[in-house]
Amino acid sequence: MTTSEVAALPRAFGGPGSGPGQFRTPSGIAVDERGRVWVADTGNDRVQAFTRDGELVRVLAGRLKAPEGVAVDAAGHVYVADTGNRRVVQYSWWGGFVREFGSGVLGCPSGVALDPAGRLLVADGSRVARFDTRTGAALPDAAEPISSPRDVADDLAGGVWVAETGNHRIVHFGPSA
């Protein structure tokens, strides 16, 4: 984005409440390739998508309980850390339920990210769990236990950045970024 494009964006949208376009404890945020802003609206048990101008375009709700993290892949699939249900849910770009990951194995998923190899990375309690997005299968955890990971991000070079709130630091695992 250029400086003039950034200046043209709204400074804020939404506000407190449970109506369309309002929030109760927004926590996770992602931007897809079309520029839509996806927000995990934790207190309202939903995820909302907006245009860059702040216009509401989609709401994912009904099966979610206190979602905290959100990520979007290149095909437009939306992955939601459904924290209250201890799982990650995948939706199609139009909002249809696709599958869930980690039911029965995740304790407190809070952040999600995707890596270039098609793996889903999940900040979960004291670890970063991994799943194959094509099959839904659990993969070996990304690293040794860490203290209260809050969010994860792929470094685009085979590694993972982790917001480790328990030790008040950012940690990198994998090849040098």
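Biologist: How much space lies in the largest pocket?
Modeller: This is a predicted model. The pocket volume is computed from its atoms. In the largest pocket lies a space of about 360 Å³.

Biologist: Which elements give two or more residues to the lining of the largest pocket?
Modeller: The lining holds 24 residues. Val70, Ala71, Val112, Ala113 and Val152 lie nearest the pocket centre. The elements giving two or more residues are strand 1 (26-31), strand 5 (69-72), strand 9 (109-114) and strand 13 (149-154).

Biologist: How do the residues of that lining divide into nonpolar, polar and charged?
Modeller: Take the 24 lining residues of the largest pocket. They divide into 13 nonpolar, five polar and six charged.

Biologist: How many helices and strands are there in the protein chain, and what is its radius of gyration?
Modeller: The chain has one helix and 15 strands. For 177 residues the globule rule gives 16 Å, and the chain comes close to that, so it is as compact as a globular protein of that length. Its C-alpha atoms fill a box of roughly 40 × 40 × 30 Å along the principal axes. The radius of gyration is 16 Å.

Biologist: What percentage of the residues in the protein chain is buried?
Modeller: Start with the surface. The chain exposes about 8900 Å², and carbon and sulfur atoms supply 51% of that area. Of the 177 residues, the buried ones make up 41%.

Biologist: Among contacts between residues at least 6 apart in sequence, what percentage joins residues at least 24 apart?
Modeller: The count takes contacts in the protein chain with a separation of at least 6. Those joining residues at least 24 apart come to 30%.

Biologist: Is alanine 40 buried or exposed?
Modeller: Alanine 40 sits in strand 2. Beyond four places in sequence, its contacts include Thr25, Pro26, Arg46, Val47, Glu68 and Val70. Its relative accessibility is 0%, and the cut-off is under 20%, so alanine 40 is buried.

Biologist: Is aspartate 124 buried or exposed?
Modeller: Aspartate 124 belongs to strand 10 (residues 119-124). Leaving aside neighbours within four places, it contacts Val105, Leu106, Gly107, Cys108, Pro109 and Pro149. At 4% relative accessibility, aspartate 124 is buried.

Biologist: How far apart in space are aspartate 124 and arginine 58?
Modeller: Along the sequence, 66 residues separate aspartate 124 from arginine 58. C-alpha to C-alpha, the distance is 27 Å.

Biologist: Which residues is glycine 166 in contact with, leaving aside its neighbours within four places in sequence?
Modeller: Glycine 166 lies in the loop between strand 14 (160-164) and strand 15 (169-173). Its relative accessible area is 30%, making it partly exposed. With those neighbours left out, the contacts of glycine 166 are Ser147 and Ser148.

Biologist: What is the C-alpha to C-alpha distance between glycine 166 and alanine 40?
Modeller: Glycine 166 and alanine 40 are 126 residues apart in sequence. In space, their C-alpha atoms are 22 Å apart.

Biologist: What is the phi of aspartate 45?
Modeller: Aspartate 45 is in the loop between strand 2 (37-41) and strand 3 (46-50). Its relative accessibility of 32% counts as partly exposed. Aspartate 45 is not a glycine, yet its phi is positive, at about 55°.

Biologist: Where is arginine 86, a residue other than glycine with a positive phi?
Modeller: Phi of arginine 86 is near 55°. The place of arginine 86 is the loop between strand 6 (78-82) and strand 7 (87-91).

Note on methods: Residues are numbered from 1 along each chain as its sequence is written. This is a predicted model: local features need pLDDT of at least 70, side-chain atom pairs count only at pLDDT 80 or more; totals for chains, interfaces and linings use all residues. Side-chain values use heavy atoms; hydrogens and water are left out. On a 1 Å grid over the protein atoms alone, a cavity is a set of points where a 1.4 Å probe fits but cannot get out, and a pocket is an open set with protein on both sides within 12 Å along at least five of seven lines; lining residues have an atom within 4 Å of a point. Grid points are joined across faces, edges and corners, and a volume is the space filled by probe spheres set on the points. Helices (H or I, at least four residues) and strands (E, at least two) are DSSP runs, numbered from the N terminus. Ala, Val, Leu, Ile, Met, Phe, Trp, Tyr, Cys and Pro count as nonpolar, Asp, Glu, Lys and Arg as charged, and the others, Gly among them, as polar. The radius of gyration is taken over C-alpha atoms; the globule rule is 2.2 Å times the number of residues to the power 0.38. Buried means under 20% relative accessible area, exposed over 50%, partly exposed in between (1.4 Å probe, protein chains only). Contact means heavy atoms within 4.5 Å. Accessible areas come from the Shrake-Rupley method with a 1.4 Å probe; for residues, only the protein chains shown count as cover.
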